[in-house]
Amino acid sequence: MLAVNYLDRVDLFEGLTESQVNALVERSRMRVFAANTIVVSEGDEGNSLFIIQNGSLKAFLTDNVGREVTLSLLDPGDYFGELALLDEAPRSASVMAVTRSEVLQIPRTAFLELIEVYPACLQLVVRNLVGRIRLLTESVRSLALVDVFGRISRVFDSLAVEQDGLLLIDRRLTQQDLANMVGASREMVNRILRDLVAGGYIEIEQQRILLCKKLPRHW
């Protein structure tokens, strides 16, 4: 069972009382997905919100010939499917478990009952949606106006964390994963990464990337 104090740390439910959190948990269920399992598919009926407790997932889109674009990477504390709380439209994207993942599924009916007594929760959903729209705008701007190297640099900046004084992307990313995130071919990504390694800017080990020094402004 999901710990109540964990749900309290999810920004969507910030400010809820313990009894309100308990009411949500009682109406929800924990689901476990193996790595590479589809959690929701684009076009599916949307009737619940998902909150990640453990694991790593990705939200993505595919076209009719199988090409994929990664929209976001999701970690514990992140959530997806919030649009299903506000309308009954089909899912707008697919989500897949990258690693074994534990996800709390909260049905729309439970959430709607909650906001009847705690309207501020709805305000948080709307605020979150506005934030995601801004991120989407920046992503579109990047795809339209920034070259592939610039987009890779932005992904590195967004994913890198400091560990023992070093900047590390501690997430297994294949070249195809990175290509899907920046909207480029794997071959182009491969060439850029090879040049960055040769220039001493990055080191790659077991699909993890160490940022050794500030990347150049241009490739």
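Predicted model: local features only at pLDDT ≥ 70, side-chain atom pairs only at ≥ 80, totals over all residues.
**Figure 1. The largest pocket is lined by 45 residues.** Let's start with the open space. The largest pocket has a volume of about 1700 Å³. If you want to find its centre, look for Leu 71, Ser 72, Arg 132, Leu 135 and Ser 139, the lining residues that lie nearest to it. Several elements build the lining of this pocket: strands E4 (57-62), E5 (68-74) and E6, together with helices H4 (120-145), H5 (148-159) and H6 (175-182), each supply at least two residues. Helix H4 gives the most, with 11 residues.

**Figure 2. Phe 50 and Phe 80 form a stacked pair of rings.** This view shows the one aromatic pair that the structure holds. The ring centres of Phe 50 and Phe 80 are 5.0 Å apart and their planes meet at 10°; planes under 30 degrees apart count as stacked, so this pair is stacked. Follow the chain and you will find Phe 50 in strand E3 (residues 48-54) and Phe 80 in strand E6 (residues 79-80), so the pair ties together parts that are 30 residues apart in sequence. Both Phe 50 and Phe 80 are buried.

**Figure 3. Two lysines lie over the faces of aromatic rings.** In one place, Lys 58 lies over the face of Phe 60, at 5.5 Å from the ring centre. In the other, Lys 213 lies over the face of Tyr 201, and here the distance to the ring centre is 4.6 Å.

**Figure 4. Ala 179 is a buried residue of helix H6.** The relative accessible area of Ala 179 is 1%, and because buried means under 20%, Ala 179 counts as buried. Other residues of H6 are buried too, namely Leu 178, Asn 180 and Val 182. Setting aside neighbours within four places in sequence, you can trace contacts from Ala 179 to Ala 184, Ser 185, Arg 186 and Val 189. Just after H6 comes Gly 183, which takes a positive phi of about 70°. For a sense of scale, Ser 19 is 160 residues from Ala 179 in sequence and 45 Å away in space, C-alpha to C-alpha.

**Figure 5. Glu 82 is buried in a loop.** Look for Glu 82 between strand E6 and strand E7 (94-97). Glu 82 has a relative accessibility of 5%, so it counts as buried. Neighbours within four places in sequence aside, the contacts of Glu 82 are with Leu 49, Asn 128, Leu 129 and Arg 132.

**Figure 6. Asn 36 and Asp 164 have a positive phi although neither is a glycine.** The phi of Asn 36 is about 70°, and that of Asp 164 is about 55°. Each residue sits in a loop: Asn 36 between strand E1 (29-33) and strand E2 (38-40), and Asp 164 between strand E9 (161-163) and strand E10 (166-169). Are they buried or exposed? Asn 36 is exposed, with a relative accessible area of 58%, and Asp 164 is exposed as well, at 81%.

Technical notes
Residues numbered from 1 in each chain as written. Heavy atoms only, no water. Phe/Tyr/Trp six-rings, centres within 6.5 Å; stacked < 30°, edge-to-face > 60°. Helix = DSSP H or I, 4+ residues; strand = E, 2+ residues; numbered from the N terminus. Buried < 20%, exposed > 50% of the residue type's maximum accessible area, 1.4 Å probe, protein only. Lys NZ or Arg CZ within 6 Å of the ring centre and 35° of its normal. 1 Å grid on protein atoms, 1.4 Å probe; cavity = no way out; pocket = protein on both sides within 12 Å on 5 of 7 lines; lining within 4 Å. Points joined across faces, edges and corners; volume = space filled by probe spheres on them. Contact = heavy atoms within 4.5 Å.
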